[in-house]
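Welcome, and take your time with this one. Please have the sequence and the 3D view side by side, and we will walk through them together.

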Amino acid sequence: MVVPGKPDLATVVDHEVEAPPGDVQVQALLAGMCGTDVEIIRDGFGWLPPGRDSLVPFHESVGRVVAAPDGSGFAPGDLVAGVVRRPDPEPCPACAADAWDFCRNGKYQERGIKELDGYGMRRWSVPPKFAVRLDPSLGDLGVLTEPASIVAKAWTQVERRSESAHVKPRSALITGAGPIGLLAALLGVQRGLEVHVVDRVDKGPKPDLVRALGAHYHRDLDEVGEVDVAIECTGAANVLWETVRRASTTVLAGLSGEHGPVPLDPSVFDGIVLHNKAVVGTVNAGLADYRTGADALAAADRTWLAGLVTRKVPLDRFTEALDKHDDDVKVVIDLT
Ligand code: BGC
């Protein structure tokens with residue numbers, strides 16, 4: 001359990017949660033730690049469940065089904081990940097169409113983030129609609145499903161825009177080589193694009209992970225010329241503008257957490273107008289994106305995927321996952 005903004009109060013409790021009838025029940029394998037979880041636990045982001053003073057953290061999950069209702073399409077032993085967001089109760093036009101990732105009124109809920117307990121439990125459950133079946137051979141690597149769903153949605157946005165602009169993307173720039181950037185690069189390579197990844201590090205596993213995909217690694221954005229597509233995963237204002245300058249379509253998938261004014265070069269805006277460029281923001285993912293993300297993982301080289309999971313922390317020491325080590329890409333919590 002965590003109290004947002006109070007990392008010292010993070011605890012592991014022994015508490016049995018009864019699964020609502022009709023849910024798929026899952027024995028957890030791993031939960032993934034991402035920047036949002038750090039913001040919740042350290043900086044106080046997130047919303048507690050109504051009437052509660054703490055929250056079960058984590059929204060990246062993988063586990064095995066232990067019980068499933070008849071007709072749910074799931075059976076004991078299935079490898080699954082849970083969907084993060086739940087539609088708002090109103091519902092808004094987007095949520096009414098099950099496109100909760102485009103929720104219009106902000107009344108959606110998110111497991112481990114907004115008003116709902118997360119997947120940081122040894123056993124969790126979800127209604128069948130919010131369970132995503134995974135290739136059984138992924139095993140623990142299924143923990144990458146949620147981040148893969150985020151980049152799958154980014155690529156879908158790229159494809160929609162490219163189609164309407166009569167562009168067949170051939171080159172892509174990915175800024176930031178964290179888990180999101182690396183998975184975005186994977187999906188770009190799988191789509192046959194020439195992929196350039198820019199990050200500031202020159203040590204650790206990231207440069208080699210990029211090269212192992214057959215993509216190009218750069219420490220300097222100036223080494224990359226014009227590209228058809230960019231997926232911006234840093235959120236850093238200066239990187240963001242230089243990315244938009246280079247790409248016909250840019251999807252913004254990173255958050256800066258920065259405040260205050262930054263200098264803007266107006267020629268970037270002129271370029272957006274004169275070249276019919278698109279800049280699209282994206283957060284969260286819909287069911288189709290989870291499927292696309294899960295399929296991308298299933299098609300990926302297992303050794304490469306395993307290289308993304310750089311550290312595994314036992315549940316009783318889960319707060320150790322908050323501290324960033326130089327070589328970290330994705331840190332996971334062992335829930336077995
Ligand atoms: C998660 C999304 C979520 C967003 C905002 C991200 O870390 O991957 O599913 O919508 O945080 O809460």
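Phe269 sits in helix 7 (residues 266-274). Because its relative accessibility is 37%, Phe269 counts as partly exposed; buried means under 20% relative accessible area, exposed means over 50%, and partly exposed is in between.

Before going further, a word on the model: it is a predicted one, in which local features need pLDDT of at least 70 and side-chain atom pairs count only at pLDDT 80 or more, while totals for chains, interfaces and linings use all residues. Residues are numbered from 1 along each chain as its sequence is written, and side-chain values use heavy atoms, with hydrogens and water left out.

Now turn to the helices. Helices (H or I, at least four residues) and strands (E, at least two) are DSSP runs, numbered from the N terminus. In helix 1 (residues 35-43), the buried residues are Asp37, Ile40 and Ile41. They lie on the same side of helix 1, because they cover an arc of only 85° around the axis; the arc is that of the directions from the helix axis to the C-beta atoms. What do the buried residues of helix 1 pack against? Their partner is strand 1 (24-33), where contact means heavy atoms within 4.5 Å. Just after helix 1 comes Gly44, with a positive phi of about 85°.

Helix 3 (145-164) is mostly covered, with 15 of its 20 residues buried. Its end C-alpha atoms are 29 Å apart, which agrees with the 28 Å that its 20 residues should span at 1.5 Å a residue; the expected span is 1.5 Å times one less than the number of residues. Just after helix 3, His166 takes a positive phi of about 55°.

Helix 8 (residues 287-299) has 13 residues, and from its first C-alpha to its last it reaches 19 Å, close to the 18 Å expected. Its buried residues are Asp289, Tyr290, Gly293, Ala294, Ala296 and Leu297. Because these cover an arc of only 160° around the axis, they are on the same side of helix 8. The face turned away from that buried side carries the exposed residues Ala288 and Ala299. What covers the buried residues of helix 8? The cover includes strand 3 (79-82), strand 8 (131-133), helix 3, helix 4 (179-190) and helix 9 (302-308).

Next, look at the charged side chains. Side chains of opposite charge can pair when their charged atoms come close. A salt bridge is a side-chain nitrogen of Lys or Arg within 4 Å of a carboxyl oxygen of Asp or Glu, and a search of the whole structure finds 20 of them. One of these joins Asp323 and Arg42, at 2.6 Å from N to O. Asp323 lies in the loop between strand 15 (309-314) and strand 16 (330-334) and Arg42 in helix 1, so this pair ties together parts that are 281 residues apart in sequence. Asp323 is partly exposed at 38% relative accessibility, and Arg42 is partly exposed at 35%.

Arg133 and Asp78 form another salt bridge, with their closest N and O atoms 2.8 Å apart. Since Arg133 lies in strand 8 and Asp78 in the loop between strand 2 (60-67) and strand 3, the pair ties together parts that are 55 residues apart in sequence. Arg133 is partly exposed, with a relative accessible area of 35%, whereas Asp78 is buried, at 18%.

In the salt bridge between Arg211 and Asp208, the closest N and O atoms are 3.4 Å apart. Both residues lie in helix 5 (residues 206-212), three residues apart, or about one turn of the helix. Salt bridges can also be followed through a network that links Asp222, Glu242, Arg245, Arg246 and Asp265.

Our last stop is Glu194, in strand 10 (residues 194-198). Glu194 is partly exposed, at 43% relative accessibility. Leaving aside neighbours within four places in sequence, Glu194 is in contact with Arg170, Ser171, Ala172 and His216.

Conventions. Buried < 20%, exposed > 50% of the residue type's maximum accessible area, 1.4 Å probe, protein only.
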